[in-house]
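Colleague: I would like to learn how to read a model like this one, feature by feature. Could you take me through it?

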Amino acid sequence: MDALTKELTPPQRDAVTHIDGPLLILAGPGSGKTRVVTHRVANMLGHGVSPFQIAALTFTNKAADEMRARVDKLAPGQPVWMGTFHRFCAQRLRRYASFVGLKENYSIYDSSDSKQAMKRAIAAAGISTTHCSPDQIASSISKAKNRLATPEMMEGHALSPQDAIAAKVYPVYQQQLLTANAVDFDDLLLHIARLLRENPEVRGELDSKYKYIMVDEYQDTNLAQYAIVRALSIDHPNLAVTGDPDQSIYGWRGADVNNILDFEKDYPNVKTVRLEKNYRSTPNILRAADELIRHNQKRKQKELFTDIPEGDPVVLRMYEDGYKEADGIVDDIADKIAGGQYKANDFAIFCRMNALTRSLEHAFRSRALPYQIVGGVEFYQRREIKDLLAYLHLINNPNHDVAFHRVINTPTRGIGAKTIERIRDHADHHRIPMLEAARHAQSIDGLAKRAKTMIGKFITIYDRISKRATSSLEDLIRYVVEETAYEDYVEKTATEQQDANPMANVDEFITATVEFDRQHPDDGSLDLFLEQVALVADTDKFDSETERVTLMTLHAAKGLEFPCVYIIGVEDDLIPHSRSKSTESEFEEERRLLFVGITRAMQNLQLSVCKRRAVRGDIRPVIPSPFLNELPLGEIKRIEAATSYDYFDDEFGDELNQDSYPESWDLPGENDPESGSGDDDIVLEKSVVTSFVDDVSQVAPPPPKAKPKPKPLL
Ligand code: ATP
Ligand code: MG
């Protein structure tokens with residue numbers, strides 16, 4: 001047995017040494033699925049598989065980075081492709097842009113860009129947002145895209161009212177993206193999935209380029225992702241996936257747990273490996289997780305055992321309110337760190353929504369304890385950085401309307417909202433990009449002479465900057481700052497609430513470009529830089545090496561592990577979220593989300609509930625989450641708030657079963673699942689998506705194999 005497989009259990013070794021043919025690793029949390037993927041990559045390399053033929057796909061950059069770091073330790077410096085689905089698609093799309101009507105220098109709209117574009121499309125489609133918010137429309141369109149539904153497919157279907165409105169906006173939005181030579185995040189997947197379906201040559205080319213494809217957390221794939229990996233594994237069906245149906249938490253974004261449940265049907269000659277030993281959590285934590293998840297009806301029970309000794313009991317703690325909760329937890333963490341056993345990066349605090357971290361931030365700051373928020377306002381979303389990036393975007397892709405909109409009057413040059421509106425209308429009318437429309441300012445009706453002059457000045461600056469596009473990135477960005485007198489502007493307009501020193505952010509940005517130039521001496525195109533920035537998801541800000549406490553949403557915590565975990569706000573209407581409990585399947589997904597949170601903990605776990613919580617300035621009474629009742633309360637250590645509390649005794653259950661839930665909370669937050677959009681009328685059947693798979697397999701038949709009897713999952 002070599003060094004690589006020595007530290008593995010027999011089933012893990014089985015999976016790691018399987019090279020050719022489909023592979024399914026189905027197992028619970030902390031059982032070493034991700035570890036198997038990294039060891040398997042190293043093992044394949046050791047057995048002569050070319051690194052260029054392997055692609056390992058993940059959902060977050062963080063997961064990809066961690067995978068790369070682990071593989072690097074086992075097989076240093078190998079150019080295996082590891083990254084997110086989105087990055088994979090973005091790179092392929094660069095090459096095949098013309099196949100989907102884009103140009104090679106297409107731009108990726110980040111979520112705030114997409115939001116702008118969506119508002120414009122809604123206005124252009126003449127849709128009122130009285131009954132349906134732009135976010136709801138965006139969510140419907142996003143779901144449609146994740147199901148590979150085109151605007152045409154939405155037409156003529158019986159749709160929920162929300163989807164019906166979205167169906168009117170969808171074609172306009174798509175047309176505007178195309179004119180802007182841009183895509184949103186969902187389009188990255190959609191374009192590639194459709195390209196693979198519609199172009200057998202491209203499909204064949206990519207299938208043989210990436211002979212070995214691996215997907216960690218396959219339970220969270222949506223139809224588009226499913227179609228992509230299927231299409232790339234026809235001639236070379238060496239697709240290896242890992243997953244845990246109990247950790248499927250992205251149903252609200254179109255993920256379909258059936259993708260993993262049907263894997264054995266999709267690949268009848270699959271090798272299936274089950275792992276049952278947990279290496280992560282104490283038995284206390286595992287029992288809590290197991291008792292909870294047993295309440296889901298739609299699942300197969302799987303047993304997990306561990307050799308880890310019995311640890312501290314799980315704690316269920318009641319606080320008076322969110323402030324006390326924050327203070328209490330931060331004090332607790334400070335004490336534990338002072339005790340010398342733990343460092344700050346051993347702690348994580350999870351919440352259902354980002355909005356809940358505000359009081360925690362305050363508590364951390366007042367104790368000068370270092371923390372990081374994963375998914376908070378990130379660097380690239382700051383005003384100064386967005387401004388400068390917009391210039392770079394417009395240089396790279398003159399059709400980028402969102403960027404044009406941002407820079408035309410930034411720094412202020414006396415071009416007012418009305419003028420910009422006229423340019424936009426002209427652009428819409430002629431289906432041309434706004435920059436091009438601005439070049440025809442002389443012929444736009446209703447523009448004042450002064451406005452025309454100012455637009456002319458902007459165009460002159462823009463053209464001058466554009467000429468520098470070929471210099472190094474650092475040069476280019478310094479030139480933009482200088483030519484636009486950006487420093488004067490930003491200092492004059494900095495408000496007190498914002499950073500006291502906005503130019504420090506600009507300097508940090510310049511440092512990032514210097515680093516990029518250094519890393520890409522030959523291939524450092526503006527394209528590539530902007531692509532990297534656009535694909536930096538919120539989770540990238542997470543750095544496990546730095547000594548800081550991590551604050552993140554439960555969704556972002558997937559795949560990670562921490563010695564000490566605090567889950568705050570385990571309250572009704574938060575988890576389960578008020579918008580995610582109307583159907584049994586939504587409710588079960590919420591339970592899985594809590595299960596994911598609990599199973600991140602290695603040694604210590606505390607769940608907390610408040611008596612009252614402030615929601616948009618209103619103090620409201622709280623009902624504990626019904627999920628708390630499902631935990632092994634007999635062995636859990638319960639700590640009450642200073643004053644007595646009705647709910648927090650053995651009548652938990654009775655209180656929870658009452659009909660009078662508090663009014664729904666409408667909390668703001670990044671990770672809000674959108675309200676259920678009714679029936680999935682526009683679902684594109686899997687069989688339709690993969691019909692091309694069947695077509696092609698007739699040309700290159702897979703090895704004959706009897707259809708397996710349905711086996712129990714685990
Ligand atoms: P999740 O479902 O939460 O993503 P997972 O199944 O991917 O979990 P890993 O993250 O791969 O689990 O492993 C959990 C922990 O157990 C890691 O710290 C890993 O290094 C450790 N581990 C896994 N297998 C072994 C083993 N055979 N020997 C020692 N440690 C192991
Ligand atoms: Mg994992």
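This is a predicted model: local features need pLDDT of at least 70, side-chain atom pairs count only at pLDDT 80 or more; totals for chains, interfaces and linings use all residues.

Colleague: Where does Gly 32 lie, and which residues does it touch?

Modeller: Gly 32 sits in the loop between strand 1 (23-27) and helix 3. Not counting residues up to four places away in sequence, Gly 32 touches Gln 12, Leu 275 and Tyr 279.

Colleague: Is Lys 33 buried or exposed?

Modeller: A residue is buried if 20 or more other C-beta atoms lie within 10 Å of its own. Lys 33 has 25 C-beta neighbours inside 10 Å, and therefore counts as buried. Lys 33 lies in helix 3. Leaving aside its neighbours within four places in sequence, Lys 33 is in contact with Ile 25, Ala 27, Asp 216, Thr 242 and Leu 275.

Colleague: Now the ligand. Which residues come nearest to ligand 1?

Modeller: There are 19 residues around ligand 1, and Gly 32, Lys 33, Thr 34, Arg 35 and Tyr 279 come nearest. Helix 3 (residues 33-46) gives the largest share of that shell, with 3 residues. Sorted by class, the shell around ligand 1 holds 9 polar, 6 charged and 4 nonpolar residues.

Colleague: What does the UniProt annotation "binding site" cover?

Modeller: In an unreviewed UniProt entry, that annotation covers Ala 27, Gly 28, Pro 29, Gly 30, Ser 31, Gly 32, Lys 33 and Thr 34.

Colleague: Let us step back to the whole chain. How many helices and strands does the chain have?

Modeller: The chain has 30 helices and 17 strands. Of its 714 residues, 46% are buried. For contacts with a separation of 6 or more, 80% are between residues 24 or more positions apart.

Colleague: What about the backbone angles? Which peptide bond ending at Pro 411 is cis?

Modeller: Look at omega. The bond from Thr 410 to Pro 411 is cis, with omega near -5 degrees, and Pro 411 is in the loop between helix 19 (401-407) and helix 20 (417-430). Ile 575 and Pro 576 are also joined by a cis peptide bond, where omega is about 5 degrees. Pro 576 is placed in the loop between strand 13 (562-567) and helix 27 (584-598).

Colleague: And phi? What is the value for Leu 148?

Modeller: Leu 148 has phi near 65 degrees, a positive value in a residue other than glycine. Leu 148 is in the loop between helix 7 (134-146) and helix 8 (151-154). Leu 148 has 23 other C-beta atoms within 10 Å, so it is buried. Ala 485 has a positive phi too, near 50 degrees, but Ala 485 is exposed because it has 11 other C-beta atoms within 10 Å.

Definitions and conventions. Residues are numbered from 1 along each chain as its sequence is written. Chains are lettered from A and ligands numbered from 1 in the order in which they are written. A residue is near a molecule or strand if its C-beta atom, placed from the backbone, lies within 6 Å of it. Helices (H or I, at least four residues) and strands (E, at least two) are DSSP runs, numbered from the N terminus. Ala, Val, Leu, Ile, Met, Phe, Trp, Tyr, Cys and Pro count as nonpolar, Asp, Glu, Lys and Arg as charged, and the others, Gly among them, as polar. A residue is buried if 20 or more other C-beta atoms lie within 10 Å of its own, exposed if 12 or fewer, and partly exposed in between; C-beta atoms are placed from the backbone. Two residues are in contact if their C-beta atoms, placed from the backbone, lie within 7 Å. UniProt positions are given in the numbering used here, feature names are shortened, and annotations may be inferred rather than shown by experiment.
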